[in-house]
Amino acid sequence: MKPDTRGPLPPYFNIDPDAALAHLGNPATTKGFGAMARACEAGRSDLASRGLEADGHRTLRLFSTWEITRYLIPVATGHFRRVLKQNPDLPQGRSETEGGAKWFTLDEVLRLRAHFGTEGSKAKEYLPYRPQGLPAKMVAVANFKGGVGKTSTAAHLAMSAALDGYKVLVIDLDSQGSMTSIFGGKVQDEWQTVFPLLARHYALHLRGENQRRMDRGEAPLPLDDTLSDALDVKAQSLVQKTHWPNIDLIGAQLNLYWAEFQIPVWRMSGRGWKLWDALTDMLEADGILDAYDIVFLDTPPALGYLTINGLAASDILLVPLGASFLEFDSTGRFFDMLHSTFSSIEDAENMAARALGRDELSFQWDAVRAVVTRYDGSQQAELASLMQAYLGQTLSPHRQDFTALIGQAGEQVQGIYEADYRDFNRETYVRGRETFDATYAAFKQLLIGAWRRDALGLQEAAE
Ligand SMILES: Nc1ncnc2c1ncn2[C@@H]1O[C@H](COP(=O)(O)OP(=O)(O)OP(=O)(O)O)[C@@H](O)[C@H]1O
Ligand SMILES: [Mg+2]
């Protein structure tokens, strides 16, 4: 007889029904969710008390001379040191040991960059391109598939752009609030999110409607407390500082989800309300688009009203996806949903526009790009090439590699730009950083191209 080398049976055989029942516990109830939430809350406070709070107070690390001259201000290290020596008023950095490497805060790096920008060689790019007199570019990162790297991509792009010298605003449209905790935001309720801006836009619409109603001799529709309160909220009051000197935040938390219920109610009673213009109109009215260079919008994994608003507001739309069959398939359906959603808005609007002889609505984006994230060249090369073949220019040619550094960076540090390179093998760091730098470079190319097109358009119009 052969010995049985198969080992014990797999664990799903021979489960005893009575033993299973004994393990099961009582049926779950709504109250049970309350208890679960309280248990999580208690665990969270415990973690917070041990300094492991995900959205606790954040400070940004320092930047070394090596990193500055390698990644941020492209000059030879010797020249950099000489310039500091000749200009004692410039930040001089601090070293941990006598004669050791000098470290600078990002604020100091920004001052140094400004100095090189005005005093340094004109042939070098110290300050990034930004045409005068044009508004900030809005960039939405969206895909209705969850976990594809929307938040990571948006956060890394925001940080790259800030390191590059741009002034950045990050808007969290996801009530999960991941982006908000990456930037250490504190949000009490929906009144500290974009919600009041959307409400204000609707309230202004309603006020205009009421004027017309009264002109026709009809009774005005009342503005409820929410709408009256929202009329007083300016975007500036929602903006929070972050631990990055040139990144600000409009945060989110769970209550923002309320907008998904409230917006359709407003849509029903105010038929002519252009919900898709709400965010852009309010940011523009409050001068936000002049105060920043780039506005990044992180969206939830759903095509709800907040996402539609973010997409409609954006100039550049990035759609992250992994090079896997499921994500490719689901992204195809996402594009299909975008097509039907935006064409149904256009059709409905344009029926009225044609009747009234007004301009027709046609949504337009400077660029839409799918971006491969978490790419593993050893497993996914074939699928990624196939995606490239079918999507052509719509797929950004740079693939953002899977990098363990993202998960490893630690509790208080989010992603590669906040991590101290000394915590990693230098080579691992350089490789991880390269892939996110390349993601940024691909994005920056779109940004600069789009600004350039606008600038040339302005010039032409003026001639
Ligand atoms: N390039 C990368 N390398 C390794 N891990 C990554 C990379 N990009 C993202 N991740 C990880 O993948 C997970 C999902 O990423 P992320 O939260 O950015 O996705 P998301 O699309 O915003 O998710 P959601 O739909 O829930 O908002 C996270 O654990 C993140 O750390
Ligand atoms: Mg996310």
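**Contact between domain 1 and domain 2**

The domain assignment of the chain gives domain 1, residues 63-119, and domain 2, residues 137-451. The model is predicted. The contact between these domains draws 12 residues from domain 1 and 15 residues from domain 2. The C-alpha centres of domain 1 and domain 2 are 34 Å apart.

**Buried area**

- Domain 1 and domain 2 bury about 1200 Å² between them.
- Carbon and sulfur atoms account for 59% of that buried area.
- On the domain 1 side, W66, Y71 and L106 supply 41% of the area buried against domain 2, more than any other three residues.

**Salt bridges and polar contacts**

- The rule finds 2 salt bridges across the interface of domain 1 and domain 2.
- E96 and R422 form a salt bridge, in which the closest N and O atoms are 3.2 Å apart.
- Polar contact across the interface of domain 1 and domain 2 is found for 4 residue pairs, with both residues at pLDDT 80 or more.

**The domain 1 side of the contact**

- Three elements are listed as giving two or more residues to the side of domain 1 that touches domain 2: β1 (63-64), α3 (65-72) and α5 (106-119).
- By class, the side of domain 1 that touches domain 2 has 7 nonpolar residues, 1 polar residue and 4 charged residues.

Notes: Residues are numbered from 1 along each chain as its sequence is written. Chains are lettered from A and ligands numbered from 1 in the order in which they are written. This is a predicted model: local features need pLDDT of at least 70, side-chain atom pairs count only at pLDDT 80 or more; totals for chains, interfaces and linings use all residues. Side-chain values use heavy atoms; hydrogens and water are left out. Domain bounds come from an automatic or database domain assignment. Contact means heavy atoms within 4.5 Å. Buried area is the accessible area (1.4 Å probe) that two parts lose on being put together, summed over both. A salt bridge is a side-chain nitrogen of Lys or Arg within 4 Å of a carboxyl oxygen of Asp or Glu. A polar contact is a pair of N or O atoms within 3.5 Å; within protein, one must be able to donate a hydrogen and the other to accept it, and residues adjacent in sequence count only if both atoms are side-chain atoms. Helices (H or I, at least four residues) and strands (E, at least two) are DSSP runs, numbered from the N terminus. Ala, Val, Leu, Ile, Met, Phe, Trp, Tyr, Cys and Pro count as nonpolar, Asp, Glu, Lys and Arg as charged, and the others, Gly among them, as polar.
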